[in-house]
Each structure stands twice: as C-alpha cells, then as structure tokens.
Amino acid sequence: MFSFIGLKTAEVNVGNKTAVDVSMESDITQLNEVVVVGFGTQIKQELTGNIAKVSGADIQNLPSPSVESALQGRAAGVYINQGSGKLGQGFQIRVRGASSVSASNQPLYVVDGIIVNSADLGTSNAEPLNPIADINPNDIQSIEILKDASASAIYGARASNGVVIITTKKGAVGNTKVNFGYFTGVSTPTKKSKFLNAQQYRELFTAAAENMGYDPEAEFSAESGTDDWNNNFNTNWADEAFQTGGINQYEISASGGDKKTRFFLSMNYSDQKGIIVGNEFKRASGRINLDHNISDKVSIGTNISLVRSFNQRVSDDNAFSNPIQLNALPPIHPKIDPTTGRLNRRTLYYNGLIDQQSGFNDATTYRSISNFYLNYNITPELTLRTEQGIDFLNLQEEIYLGRETEDGAPTGYGYNNQFTSINYTTNNTLNYKKEVNQHKIDALIGLSYQQGNTSAAAVEGRGFPNDNFQKLASAARITLGSSSGSEFRFISYFARANYVYNGKYLLSTSVRTDGSSRFGKDNRYGVFPAASAGWILTEEGFLKNNPTLSFLKFKASYGLTGNAEIGDFASRGLYTSGFYEEESGIVPLSLASPDLKWERTAQFDIGFDFGFLNDRITGEIDYYQKQTKDLLLDVPLSSVVGYTTITKNIGQLTNKGFELVINSQNIVGPFTWSTNLNISRNVNKITDMNGAVIIGGQRFVGQIRENQPMAVFYGPKYAGVDPDNGDALYFTETGETTNDYAAAVDQKIGDPNPDFFGGLNNKFSYKGFDLDILLQFVYGNDVYNIAGFFQSVNGDYFDNQTVDQLGYWKEPGDVTNIPQPRLYEGNGAGKSSRWVQDGSFLRVKNVSLGYNLPKSLLAKTFITNARVYVAAANLFTFTNYTGYDPEVNTTYVGRSNVTLGHDFYTPPLAKTITFGVNIGL
C-alpha cells in the first residue's frame, strides 16, 4: 500500500521484487475539498470567505451530550461554553465574539438548507433547553461555520452571529450498506470540591462565634432549629448531589442506491443518566433521506427526520432544591432523620433530595426537521431549485412537587405547559454555472420566505389527594391558567456571483435584502451587501512549482450583516387583559418603539491560506474587525411610568481578533500521524452606550460599560487581610487600603472573556489501530464564584465551608488571605474581587482508541468491516479554578450577555468513558 497526501492510495503486488515502480494518481478530492456555503457548494481552493469545516466523521460515536459539545476545540474563532454538567441544557456559542447586548448572540442554524429554531422554549425553570440536542450527531455529514461577512452575508439579517450549516448524510450509488453501532459507558464529575467534615465545621464555627462573644451551640440551634451540634453525624452532603452516570446508545443505518434513486435511512436511541441526582436525557430519532432522478433534467428529494427526546431536569442553580446546593448543609445534620427513617427535613436549609424523591420536572419534545426539494436543469448551465421545509417542535413540560417538598407543601403542586413552534421556510434559487476558456462564473439569485408561529398553554394547580395522584385532573384548585401565541415573518431577496480568472484571480460579491415583521413599519427592510477577493500566488510564474511553498492564497473581504433576534413585537405597543373578580379590562403591557431598526455589523477580514511541502503542512491565518452599530438594546425605564424596559437602537461595540489554523501530515506510511492546531484571539469592546451602565444584578459583578469588554467585572477590589487584627481589607479610590467596606471604590476586577482559545487534535494510525486525541484550551478569562461568597464567608452564615477556610487569620502576625471568622459580622463578606479567579483551563476533551478487525478475518462472514473502540470525554482538566469546573455560566436568573462567567452552585461537566463497536454489512 502506497499513500501520500494529495494522491490516491495505490495497492501493488510486490511478490519477490526488490524494487517497485509505482505510479500514483492525483486525488482531486483532497486537493479541492468541497465546502458547503449558503445555497450551494464551493471548492475550498477558490473560496474567498472564511468557513470552518468539521467532518461528521470527527464527531461520530463521541460520548458528547450534543452536537455543540462535539465541536468544542475543533473550529477556529468559535468559542463554545457548555455552561454546566446538566443534560440537555443550552450551550453558549460565540462566533468571532459577541455582537449584541440585549439581542441574541447565538449563531443562525441551517439544517439541510432550512433555518431551524435554536432558541430556548422552556418555561419550567431558568435553565435553557437546547433544541440542537434533538439532532443525532451520527446523521451529520458535515458542519460548516460561516464566520466572515463574505461567507455569511448571503443570510443577511440573520448572520451577524455567524451561521452554522449542518448537512445530513445522503445515499450514494452502489450496493446497500448497513451499519450498526453500539456504545455504553459511565460518567463521573470532572471534579468534586472538598468541604468541612463535622469536626472541622465545629472548629471553624466555634471560633467564629466565640470571636464575637456568642455560644456556638446556642446560635446553631437558633438558626437551624435542631440540636444537632453535639451529635455524632458526619454527612458528606456535597457528595449526595452526585451519582454515577451512564450512557447507552444504539444506532442502525442503511444507505445505497443506483443512478436513479439514492437513500439513507437511520434509527438511533440514546439513554443518558446524568452525574447529578435526578438528571436524565433520552432521545429516539429516525431519518429518511431520499434523492431521485426523474430524468436527466429533473431531480427531487426529501429529508425527513422525527425525534422524541425526554429530559428529566433538575432545579435552577438558584434554588434550594438544586442538588448542588446540598453542599451548604452542615455535615452535623444526618441525611436520614433517625426518628422517622425518612429523608431529613430538619436541616438548616431545605434538603433538596426530597425533591428528587417526591417530585419530577420533565420536558418531552417531539420534533421534525424536514424538507422537500426539486431541481430542474433548464440548460446544462442553468438550474432552478425550490425547497420547502418545516421545523415542527412540540414541547411538553410537566412538574409535580409532592406535599413534603419545599414548593409543593402542604398539598402538592402540579404544572403543565404545552408549547408548539412551527417554522415554515421556502427557498427558491436560479443558479448559473459556466466555464469558458480561463473564465469560471457561478451566479445565483434567489427568494426566501420564512414564517414562524408559536402557541403555548399552561395550567397549574394545588390540592392533590396524595402524592400518588400527580396529574392536574386530580388538583382540587386550578390556581393559574394562561395561553399565548406569537408570529413572525421574513421575506428575503438575494444574489451572489463568484468569478475565477485563469485559476488564480478570485472575486465574489453578494447582496441580500431582508424584510422582517419585527421592526417598525418604516424600517422593516435592510440591505446587506458583501464583497471579497482572492489571489492564488502559487499559480503565478514566480512561485509556481516552488519545491517548498506548494500553495499560497491571499484573501480579503468586507460586508454587512444584521441581527433581528428580538421579541416578535418589540417595535409595537402591546396590551394585555386584566380582571377584578368577574370584570375584565385592557391593560397596557409595553411601549411602542416605531423607529426600531436592524442591528448592523460591518466586518473586514484579511488572511492567507497556505501549504508547504506538497501540502504536507497546510493552514490559514486571518485577521478581522467587526463593528456593530444601532445595538438592539433593552433600555431600563423608571417603574413610575408603568413599564420596565423599551427596545431601542442605542450603542456600538467592536470585536477584533485573529485566527490561526495549522494542519500537518507529520508521518505518512504504515504508521501515520497528523496534527490540527487552531488558536483564536478576540478582543471585545463596548464603544458607545450613550453614557449608560447596565448592571447584572445585586449579587453579580458583570456590567456593560463604555470602553470595556462585554460583561466586564466591576466591584470593590479585595486587598487581603490585615496581619495585625484579621480585618478584611479593600482598596480605596487613592489606592490605599481600608477595612471599611463602604469606603471601597468600584473598579474593574475581572473579565469573563478569554484572551485565547482553541484546540489541538492529534491522530495516529498503525495497521488496524487508530488513536485520536483532542485537547481544548481557554486562557485569560475570569470567573466570579457567587457561591464562594457563601462557601468562604468564614462563619458569617452557618453554611458549610470549603476546607481552605481553615487557613483563616488566628493571631497577630498571621499572613493569610482569609479573614478572621466573626459570626454575623460580615468580615470580608462583601461582594468583591475576593471571589474572582482565573478561569483558564486545558482539557483533554476527547480521546478515542480503536481497532479495525482485519479484512481477512471477516472475509468468510457477512460482515464487511468491524471496529471496536474505547472513548473518553473530558478525561482530564487542568486549571487553577477552585470551584467545580471553570467552564461555567450560571442560570441564577437565566442567562444574559451581562452575567457571563458567573458560578452559583453550578454543576461540573461529566467525565465519560465508553466502550463501543461499529459493524458494517
């Protein structure tokens, strides 16, 4: 077997020969990789925009909770934060930085040409559900992320945050191939924090109480309502929040066809048990992709998917029923009440395990993302294509909290919400392709229309006969009922032209006009043009056939994109109903903003694509600048006017950065080794807010301020401990220190945005063995641990503390960063930089070791190929962050662009080890 990058593998019978002459053919597929762009495809060599591509093969059979998790560390310029270890939760994705303050910063998702809903639709708690978790990663052929304006402007008003194009698998001409896959595994937390045991707890709180002249036993009894101070219990409450998770996934697919008809069929079932008590996620999916040539001119096809997912959810971070908040309970409380033999209800705070035993919070989703297309080749150069697609999503949320739970007492509580979202899309394009001598033209015009409708109905009730009756039909009182509906529409006209001259001079232009029902009647339409150019220098005489530099392309682009991800009626004054007894009336709900218009982002990109040593080493380097104007901002209003906010176009922000990608074929031959490195830097700055400052909340330090990055941390700066008396110290405006918290000045104390992020992927193969190792890294971001306030207040509350708090100040001369514990005194307990930590980390994100059984062994069976493997996700994490996990983004009050990088009893990610097998027939 002879193989070399850029050439087709050749197999030659050597026999007894001592020397062999081998002729190897050029592999056009490798040299001219095809990437998916908006409404078409393009050869990568001729691409002037910036697109990151991830192959479906790279993310298959990974023990990842969703597609986004599998993408982490694989695409330059794409920062993905998982947020927490809860199954089915939404991810935070930023493509070249955040482009908005109040509007969404999530990218636009397009599946098989159809725009799909990626917004959180849940209402039962603040933790956002992840609609993208409904997509089976093993159905994906490729994922392209459109990053610069030239690549994404074809989606115009929806593209400021980047575009993620997901293409699912199709059948190919040939014999029917059947593939079966199965893997199973176990999950554990990436980290468990260490808290005080019973002896250490008494030691710390005895000191805290006696330092203030209190009796610790009496104070604890008064606060907790128990006499547990002197008992012999030593409960590790922090560990009670976790369980050994697991995953089982089954997959079967078939593909094949002839020149007339091709097909791809798949079925998948995934069953995940989370690492947090009570958390589960199950998904069953099926897919049929068909393509049929009616004639030489006409072809049709359809992609039909159906998914049912079930998410057994856990409570919000900011809820005593959140299992992670169990770590606040004193270890001297028993888990089981010795007098009743049941879960202990006589604890300092609510025992959240009761919710897991006597309640549930379930979210069941039924979804279909499907489309139908027709291609008509009018002439060999001119093709008409029409696509009709639908994204149907039905979410059913059901909660029951028993009579022993905190929120269900005393007679039980039930809640049911039915939410339906239907997005209909039609795309109609006319594509002209022509090559004449040295000229190559690819031109496209099109029309797109999207309509979205949502409806919801919710009911809650109380007064259940007992906890065996959990449906709302059994409730004695219906305490609340509501229903709602909404609708939006987009209509778009677009055109694009790509031109290549002499195989080396490249030009691309596009323009898109979008109209949206979300904006004022005089500003509903926006125009979003883009242009880019490229020059393949290695096709010039002075570089052609250079033995070292095999490829060099210069490219530059500039364009405008928009953002319309706001409320459907943000520009309009709305009314709702109100009632008193049986009399109803109309009540103003929101103020009109008739001048509301599109948020616009102008982006400039310049870069090089390169290849060395016959493309043994390839890569890209890019620099970009993004400037967003007319920010869609929810402006706070004084409560005296009767409204809380109004959406206005106020403010500007910028993102600047660079991306570097290097791919190398380090060793080729029987043993192969390849490497992919991507590293990105993005600098975000709010340049204009009309002098306004947006504050994240009472416990948060995140703010939006002019000339500062998004969600910059602002607050008093902690100066350590006075070694003479154990007082907590803070910096004043003059830079001096004070023990008076009120005299401390607010200043910049951190930045949740990373300085650098990226990934390093190494792949090895030898004979039948293959090894794939992906490292993910994030550097320079800060994390504010709100929970640390309660876990390290040195006795200000009776919450259990982390073990490092035993290093507190004890006597004059002690040098420590932990103040003297003083019960109820608040020594060092003010919101400050004390709980700001470096959130940088290096994670062994994915590891896969596999073995392909020899063909000779399978020759006499019906099996054509077989692979066994072991894989791991989040295997190791290296960080100085002392909380559970540095990849965190709490849902304390939901997620917003102001409260990035905050941790509040947020669960860590899961470390998962799996064993699997793939069999082809």
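So, the open sheet: three strands, in the order E36-E37-E38, with antiparallel pairing. Strand E36, residues 718-721, and strand E38, residues 737-738, are at the edges, and each has a single partner strand, so one side of each has no neighbour in the sheet. Keep in mind that this is a predicted model. Strand E37 covers residues 728-731 and pairs with E38 over 2 bridges, in the antiparallel sense. If you want a spot to look at, find Tyr730, which stands opposite Thr738 in E38.

Now the surface. There's a nonpolar patch made of Phe180, Tyr250, Ile252, Met267 and Tyr269, and together they have about 460 Å² of accessible area. Two strands each supply at least two residues of that patch: strand E13, 245-257, and strand E14, 261-273. Take Met267, which is in strand E14. Is Met267 buried or exposed? The cut-off for exposed is over 50% relative accessible area, and Met267 counts as exposed because its relative accessibility is 55%.

As background, most residues other than glycine have a negative phi, and most peptide bonds are trans. With that in mind, let's look at a few loops.

First stop, the peptide bond from Ala409 to Pro410: it's cis, with omega near 5°. You'll find Pro410 in the loop between strand E18, 382-401, and strand E19, 413-436.

Next, Asn545. Its phi is positive, near 60°, and this is a residue other than glycine. Asn545 lies in the loop between strand E23, 525-536, and strand E24, 549-563. Asn545 is also exposed, at a relative accessible area of 74%.

And then Lys767, again a residue other than glycine with a positive phi, here near 50°. Where is Lys767? In the loop between strand E40, 756-766, and strand E41, 769-779. Lys767 counts as exposed too, because its relative accessibility is 70%.

Notes. Residues are numbered from 1 along each chain as its sequence is written. This is a predicted model: local features need pLDDT of at least 70, side-chain atom pairs count only at pLDDT 80 or more; totals for chains, interfaces and linings use all residues. Side-chain values use heavy atoms; hydrogens and water are left out. Patches are made of residues with over 30% relative accessible area and no salt bridge: like charges are joined within 9 Å, nonpolar side chains (Val, Leu, Ile, Met, Phe, Trp, Tyr) within 5 Å. Accessible areas come from the Shrake-Rupley method with a 1.4 Å probe; for residues, only the protein chains shown count as cover. A salt bridge is a side-chain nitrogen of Lys or Arg within 4 Å of a carboxyl oxygen of Asp or Glu. Helices (H or I, at least four residues) and strands (E, at least two) are DSSP runs, numbered from the N terminus. Buried means under 20% relative accessible area, exposed over 50%, partly exposed in between (1.4 Å probe, protein chains only). Two strands pair if DSSP finds at least two bridges between them.
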